[in-house]
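Have the model open and follow along.

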Amino acid sequence: MNRRRSTLSPPVFYPAAGLIVLFVLLAAFATDATAEVMDTLQAKVISGFGWYYVLIVAAFTVFAIWMGVSRFGDITLGPDDEEPSFRLPVWFAMLFATGMGIGLVYYGVAEPLSHFQHPKPGVTGGASALGEAAIGQTYLHWGFHAWGIYVIIGLALAYAIHRKGRPVSIRWALEPILGDRVKGWIGNVIDVLAIFGTVFGVATSLGLGVTQIAAGLDYLDVANPTLALQMGLIAAITAVAATSVASGLERGIKWLSNGNMILAGLLVVAVLLMGSSLFLAREWVQSIGYYLQNVMFMTFDTLAFQGDDGLAWESGWTIFYWGWWISWAPFVGVFIARISRGRTVREFVLGTLLVPMLVTTVWFSVFGGSAIRQELAEPGSLLSPDPETGDMVVNTDTAMFQLFDTIPGGGAWMAVVGIVLVVVFFVTSSDSGSFVVDMLANGGEANPPLWSRLFWAILEGGVAAALLYTGGLQALQTAAILTALPFSVVLIAMMYAVWKALSVEHNQILRAERRVARRELTEHVTVQVTEHVTEHWDELADQAAAGGDEPASNGVGRRDGWLGRLLGRRV
C-alpha cells in the first residue's frame with residue numbers, strides 16, 4: 001500500500017499552530033488578563049506606531065502604481081510569450097470576487113453613516129460636505145491603499161512562482177535579497193509570521209460576520225444576539241466550512257463563491273433600483289471626484305493636532321484598516337498571484353488596483369449613499385441607543401438591516417439575503433484561508449493534506465470565538481493591528497526584493513536586445529557593403545573590358561587600372 005509522503009514543514013507548522021493555540025487557551029482560561037494585555041498593547045502600538053502604519057501604506061500604494069507604469073511593465077509573470085491562464089473577463093471576475101467579502105457587507109452601510117453622523121475630528125461643514133467627506137473617507141479605507149498592499153505581495157509571489165518556478169510560499173518572494181537563506185530559519189520565521197497574520201486577519205472577518213448574523217437574527221425575531229448565540233454560530237458555521245474543505249475546491253468553494261457573487265450583485269442592484277437610483281448615480285460620480293481631489297491629504301492625515309480624540313478615531317478606523325489589510329495580505333496575495341500566470345506586470349498591477357476599486361466605490365456608494373440620504377430625510381431613523389450612555393449612535397451590527405427596513409419593498413427578504421451573504425462569505429473565507437495557511441505550513445505544497453486543512457479551519461473559528469469572548473469588536477480590531485506590525489517588515493522587504501528581481505530581469509532583457517540589435521546591424525551592414533562592392537566591381541569590369549585600360553598579358557594591369565580608379569573615387 002502506497003502512503004502519501006508527508007509534506008508538513010515542522011519548523012513552520014508547530015511554532016505557528018502552538019502560538020495560536022496558546023492564545024486561544026489564554027483567552028478561554030485567563031480572559032481578563034488577556035483582554036488587559038491586548039488593550040495595553042493596542043494603546044502602545046497606536047501611540048507609538050500609528051504614524052508608521054500611515055507612512056508605509058502610503059509607500060505601498062505609491063510603489064504599486066509606479067510598478068504598473070514603470071519600465072518593468074512588459075515583463076510576463078510566467079515564461080515569455082505564455083498566454084494568460086484565464087481570459088481577461090474571467091480574470092476580472094475573479095478579482096471582483098476577491099474584492100468582496102464579509103467586511104463589505106458589515107461596513108457597507110455602517111461606515112459611511114458613522115463618518116457622517118460622527119465626523120472625523122477636524123471635518124466640519126453642512127450636511128452635503130459631511131456626506132461627501134464620509135463617502136470619500138470610506139473609499140480611502142477600502143480602495144487603492146488596501147489593494148496597493150496586496151499588489152506588493154501578490155506581484156512578488158507571482159514573479160517567484162510563475163517566472164522562477166518556486167513553491168507557493170511567502171519566503172520565496174524574498175529570495176532576490178536573501179538568496180539560499182530563505183531555505184533556513186529566516187524563511188521559517190517569515191512563513192510563521194504570514195500564518196499568524198493570516199489566521200488572525202481571517203478570524204477578524206469571521207468575528208465581524210458572526211456579530212452581524214446575530215444582529216440579523218434578532219432583527220428577524222429569531223434569536224437574541226447574545227455572546228452564547230455568537231459562539232454557537234461560530235461553531236455551526238465552522239462545521240459547514242470544514243465540510244466545504246473536505247469536499248474540495250471544485251465542488252465546495254467554487255460553487256459557493258460563484259453563487260454568493262451573484263447574490264451580492266442582485267442585492268446591490270435591488271437597493272439601487274428600489275431606492276433613489278438617480279441620486280445614487282449622481283452621488284457615485286461626485287464621491288469619486290471628492291476622493292481623487294482629497295486623497296493625498298487623507299492619506300497622510302494622522303490627526304496630530306486633534307489630541308486624544310484624533311488618536312482614538314485613528315485607532316478605530318484608519319489604523320485598524322491598515323492593520324487588517326496587512327494581516328490579510330498573505331491570503332489575498334497568494335490568491336491573486338495564482339490566478340495571474342501569464343499576465344504582464346502592467347496588467348497585473350492595473351487590474352488588481354482598478355477592478356476591486358470599481359467594485360468598492362459602487363458598493364459603498366449604493367449602500368452608504370442610501371443610508372446618508374435616509375438619515376438626511378429622517379434624522380435618527382438609522383440610529384440606535386447606546387447601551388451604556390443612551391446616546392443615539394450608529395450600530396454597526398444592525399445598520400444594514402435598519403436600512404433595508406426603510407427601502408420600499410425591502411425589509412425581511414433583504415435581511416435574509418444579507419444573512420446568507422455573510423454566512424457564505426464566512427464559509428469561503430474560512431475555507432480559502434485555511435487552504436492558504438496550510439500551503440504555507442507544508443512548504444508551498446499546492447495540494448496539502450485534508451487533516452491539516454481541517455485543523456486550520458477549526459483553529460480560525462477558535463480564534464474568532466476567543467477574540468469575541470475577550471472583548472468583541474474592540475478585541476477584533478486590536479488583533480488586526482497587533483498582528484500586522486511584524487509582517488509589515490516583511491512587506492517592506494518584499495518591495496525591495498521585487499524591485500531588485502525585476503531590475504535584474506529588465507537589464508538582462510536590455511542586454512539581450514542589444515546583442516540581437518548588434519547582430520542584426522552587422523548582418524545588415526555586411527549585406528549592404530557586399531552588394532555595393534559587387535555592383536561597382538561589375539561596373540568597372542565592364543568599363544575595363546571596353547578598353548579603358550590596356551590589360552597586361554597576365555591580366556594584372558587591367559585589374560589595377562579599374563581598381564585604381566575605384567580607389568581614387570573612394571578617396
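The largest nonpolar core holds 168 residues, and those touching the most other members are Y107, I170, I195, W324, F367, W456 and M494. Such a core is a set of buried Ala, Val, Leu, Ile, Met, Phe, Trp, Tyr and Cys residues joined through side-chain atoms within 4.5 Å, where buried means under 20% relative accessible area with a 1.4 Å probe, protein chains only. Helix α16 (residues 450-548) gives the most to this core, 24 residues; helices here are DSSP runs of H or I, at least four residues, numbered from the N terminus.

This is a predicted model, in which local features need pLDDT of at least 70 and side-chain atom pairs 80 or more, while totals for chains, interfaces and linings use all residues. Residues are numbered from 1 along each chain as its sequence is written, and side-chain values use heavy atoms, without hydrogens and water.

Now for the rings. There are 36 aromatic pairs, counted when ring centres of Phe, Tyr or Trp (its six-membered ring) lie within 6.5 Å; planes under 30 degrees apart are stacked, over 60 edge-to-face, the rest tilted. Y107 and W324 are edge-to-face, because their centres are 6.4 Å apart and their planes at 65°. Since Y107 lies in helix α4 (residues 102-117) and W324 in helix α12 (residues 318-338), the pair ties together parts 217 residues apart in sequence. Both Y107 and W324 are buried.

W142 and Y321 form another edge-to-face pair, 5.4 Å centre to centre with 65° between the planes. Here W142 belongs to helix α5 (residues 127-142) and Y321 to helix α12, 179 residues apart. Y321 is buried at 0% relative accessibility.

Technical notes: Buried < 20%, exposed > 50% of the residue type's maximum accessible area, 1.4 Å probe, protein only. Helix = DSSP H or I, 4+ residues; strand = E, 2+ residues; numbered from the N terminus.
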